[in-house]
Each structure stands twice: as structure tokens, then as C-alpha cells.
Amino acid sequence: MSAEEERRLARVALTWLAEPGTRAVHHLVERHGPVATVDLLLNGGSPDGWLHTTVAARSAAGDARAVAAEALERADRLGARLVTPDDEEWPAQVASLAALRLPDVSRRVDCETAPPLCFWVRGSWPLGEALDRSVAVVGARAATSYGQHVATELGYGLAERDWTVVSGGAFGIDAAAHRGALTAGGLTVAVLACGLDRPYPMGNAALFDRIAETGLLVSEWPPGAEPLRPRFLIRNRVIAAGTRGTVVVEASARSGATQTARRAIHSNRMAMVVPGPVTSAMSVGAHEFLREQPKARLVTGVAHVLEEVGRIGADLAPLARGRQRATDALDDEARSLLEALPRRGAMGVDRLSARAGVDLRTALRKLSLLEELSMVVRRDDGYALAPPAKPKRAAAAETSGLPGT
């Protein structure tokens with residue numbers, strides 16, 4: 001076995017001996033390398049009591065290196081590959097997890113947020129390239145029709161603009177975002193909390209196969225690993241740090257989606273929230289996150305998302321404006337004269353000038369302009385508002401002698 005193969009095997013063994021994200025393991029690998037770290041842990045040399053206990057318990061179930069070799073063979077049969085930091089396609093941005101510290105946490109799953117040791121990948125795209133221009137779209141599993149519609153539109157719009165859509169493959173918002181990207185013919189990545197051969201939920205198995213055909217399935221856990229509850233939060237740190245920003249579309253009061261957005265903020269990534277109805281239980285967590293996190297941004301569509309994650313000055317969202325009116329281009333004097341005209345009948349120039357507060361000379365000039373714009377008509381007894389234009393269908397019916405509809 002070559003030195004490179006030994007290092008790869010050791011990284012897989014470490015992922016089996018301790019859950020991904022374990023900081024003590026990350027520090028040991030940084031200091032001694034993966035091969036020496038495996039030897040150290042198996043010989044009981046862990047600097048952490050909890051880690052020592054975990055390694056001893058896992059080792060009792062089998063030989064770490066033998067388990068790793070079997071996982072590599074299983075992945076090969078599955079058509080998946082192992083990606084490590086030594087490979088060109090490694091996503092460099094996940095290194096920022098080394099500095100991720102969540103404030104006011106006590107659970108181990110919230111503290112063990114170190115960078116990944118390796119990824120299992122199914123799909124032909126290079127992992128680093130796929131994540132380079134990517135946005136995460138996450139949210140509630142029990143999504144409403146509103147949430148699914150928004151997530152689908154976001155997934156489609158981002159993919160249409162050559163952005164990779166990243167999510168967790170769950171029911172609800174995740175699946176809607178993935179499907180939106182697939183419908184647009186774009187690239188989407190599902191980051192799983194289990195082995196690639198045990199996609200969860202099984203109801204999305206067909207969706208996972210579609211994603212693998214044109215995008216990527218990614219996991220830190222070897223083939224055969226079960227989707228245990230803590231693994232979803234461990235997985236979420238990768239979604240947060242591996243993308244340029246995270247969009248939350250619907251989240252209940254206790255939601256993993258807001259935990260992903262929180263990890264994004266503390267990884268110096270953008271965290272965005274789509275507002276929902278204040279009466280919806282599926283938006284309570286999203287709204288509270290907006291209230292509690294000053295760095296979170298409210299977004300209502302693809303344009304807003306791209307303004308947050310895109311190039312400075314090049315991806316600005318258009319300002320929200322109402323429908324353009326003909327009167328919008330008028331100056332103050334012309335607008336005053338128009339407002340001063342009676343809704344019915346005509347008014348003489350002298351009286352109209354006084355009513356609008358405009359001198360007579362200016363009034364005559366502005367009224368001529370309004371007449372050219374077909375906003376007023378001149379009569380023998382003064383000026384009047386022009387009648388509203390008839391709809392085209394009604395005008396055509398009138399000309400032809402047929403009854404209008």
C-alpha cells in the first residue's frame with residue numbers, strides 16, 4: 001500500500017472511530033497526520049476523555065482499518081469516490097470551520113464543528129467546482145404549499161443563473177429546491193447525514209438518483225452509515241460553510257434550518273430568510289431568527305439572494321416599484337393643474353390657474369403639454385380631463401359593429 005493510500009484509509013478510519021467534526025481529532029491530524037493519529041487513538045493516547053471512551057467502544061466492534069477498507073470497496077461498487085484535502089477537487093472553503101465557534105452552546109454536537117476529514121461523493125462534477133458558486137436553500141420538512149412554491153422558484157432561478165443549489169435532500173423545502181434546480185437544467189448538490197447507499201428519506205430515493213446523474217450526492221459518513229439524529233446538525237455545518245450563503249424558507253420554532261443559518265453567520269457567510277405569513281407555524285422560527293440575528297437579511301426572491309452573495313456592485317436587485325403611470329413624468333406645475341381639474345365638466349383657465357396655485361402664463365404652457373399627452377381636452381368653456389382610453393377589445397368590437405365582451 002502506498003503512503004497516499006495509507007493516508008486515505010486512515011482518514012476513513014478516523015471518521016468511523018469518531019463522528020465528523022470532532023475537534024480533538026482535527027487537531028491531532030493537523031499536528032501528526034492521519035496515519036499517526038489512528039495509531040495514537042488505537043493505542044489509547046487520546047487527549048480527550050470522551051474521545052478515548054468513544055474510540056474504545058468503536059474499536060470493540062471491529063478493526064478500524066479493516067472497516068475503512070471495506071467502506072472503500074463498498075463505495076467503489078456504488079460508483080462513489082472518496083475526496084480528501086489532498087485532492088484537487090477538495091472544497092477549500094470548508095477550512096473556515098476550524099474557526100467556527102457557536103456562542104452560548106453546551107451540547108457536544110454544537111461544539112464539535114471542526115472541518116471534515118473527507119467526503120464521499122457520488123456524481124461526476126468536481127466537488128470544489130460545484131460548491132464554488134453555490135447557495136444553500138433549506139427549510140421545514142412539513143412545508144406549506146407557499147414554502148414549496150418559494151423554494152422551487154429559488155432553486156429554479158439560482159440554477160438558471162448558473163449558481164449551484166445546495167440542500168439536505170429532506171422532504172419539503174429541501175426537495176423543492178433540488179427539484180427547482182433540476183427543472184432548470186442546473187446543478188444541485190445534496191449533502192446527506194448518512195451513507196450514500198442509504199439515502200434518507202427513502203421516499204426521495206428517485207430524487208437522489210436524479211441528483212447523482214447531473215449533480216452530486218455528498219456525505220462525510222461511509223457507505224452503510226445510518227441517519228442518526230445528531231448527524232443532521234453535524235452535516236449542517238458543511239452546508240453552511242461550503243456555500244456562499246444560506247436561505248431559510250419556512251422554519252418552525254424548533255428547526256434545524258435556522259441552526260444551519262446560525263452556523264452560516266458564525267462562518268462569515270450570508271444568512272437570509274424568506275418571510276412567511278405571521279399566522280403560519282412554519283414561519284415562526286424563520287421570523288424569530290430575523291429578529292434575533294442582526295446580520296440576517298430578509299429576501300423575497302432570487303434577485304435579493306444574488307445581491308447578498310454575488311459580486312459587489314454587479315448583482316444588485318432592482319428596487320421594488322409600483323406600476324408605472326403616465327403622470328409619473330410630470331413636473332409639479334403640470335401635476336397640480338391636473339389634480340385641480342374637476343372630475344366632471346370643464347374649468348376656465350383663470351379659475352384653474354388660481355385653484356392650482358400656478359401663474360396664468362405657466363398654466364397655459366403646462367395645459368398645452370397635457371393636451372399633447374392626451375391627458376386633458378380643450379373645450380369652449382375651458383379645459384377638462386380626457387376620457388379614459390377604451391380597452392383594445394372593446395374598441396375593436398365597436399368599430400366592427402359587434403357587441404363588446
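1. Glu226 forms a salt bridge with Arg198, the closest N and O atoms being 3.8 Å apart, where a salt bridge is a side-chain nitrogen of Lys or Arg within 4 Å of a carboxyl oxygen of Asp or Glu. Glu226 lies in the loop between strand E6 (216-219) and helix H11 (229-242), whereas Arg198 belongs to the loop between E5 and H10, so the pair ties together parts that are 28 residues apart in sequence. Helices (H or I, at least four residues) and strands (E, at least two) are DSSP runs numbered from the N terminus.

2. The model is a predicted one, in which local features need pLDDT of at least 70 and side-chain atom pairs count only at pLDDT 80 or more, while totals for chains, interfaces and linings use all residues. Residues are numbered from 1 along each chain as its sequence is written, and side-chain values use heavy atoms, with hydrogens and water left out.

3. A second salt bridge joins the side chains of Asp331 and Lys366, at 2.5 Å from N to O. This pair links distant parts of the chain, 35 residues apart, with Asp331 in the loop between helix H14 (302-309) and helix H15 (332-340) and Lys366 in helix H17 (residues 360-372). Asp331 is partly exposed at 30% relative accessible area, whereas Lys366 is buried at 12%.

4. Arg74 and Asp197 also form a salt bridge, their closest N and O atoms being 3.0 Å apart. Arg74 sits in helix H5 (residues 64-78) and Asp197 in the loop between strand E5 (188-192) and helix H10 (205-214), so the contact ties together parts that are 123 residues apart in sequence. Arg74 is partly exposed, with a relative accessible area of 34%, and Asp197 likewise counts as partly exposed at 27%.

5. The whole structure holds 16 salt bridges, and Glu19, Arg58 and Arg231 are linked in a network of them.

6. About 1200 Å³ of space lies in the largest pocket, and of the 38 residues lining that pocket the closest to its centre are Arg254, Ser255, Gly256, Ala257 and Gln259. On a 1 Å grid over the protein atoms alone, a pocket is an open set of points where a 1.4 Å probe fits, with protein on both sides within 12 Å along at least five of seven lines, and lining residues have an atom within 4 Å of a point. The volume is the space filled by probe spheres set on the points, which are joined across faces, edges and corners.

7. H11 gives the most to this lining, with seven residues, while strand E3 (134-139), H11, helix H12 (256-265) and helix H13 (284-292) each supply at least two. The lining residues divide into 18 nonpolar, eleven polar and nine charged; Ala, Val, Leu, Ile, Met, Phe, Trp, Tyr, Cys and Pro count as nonpolar, Asp, Glu, Lys and Arg as charged, and the others, Gly among them, as polar.

8. The chain has 18 helices and eleven strands, and buried residues make up 50% of its 405 residues. The C-alpha atoms fill a box of roughly 105 × 50 × 40 Å, taken along the principal axes.

Methods
Buried < 20%, exposed > 50% of the residue type's maximum accessible area, 1.4 Å probe, protein only.
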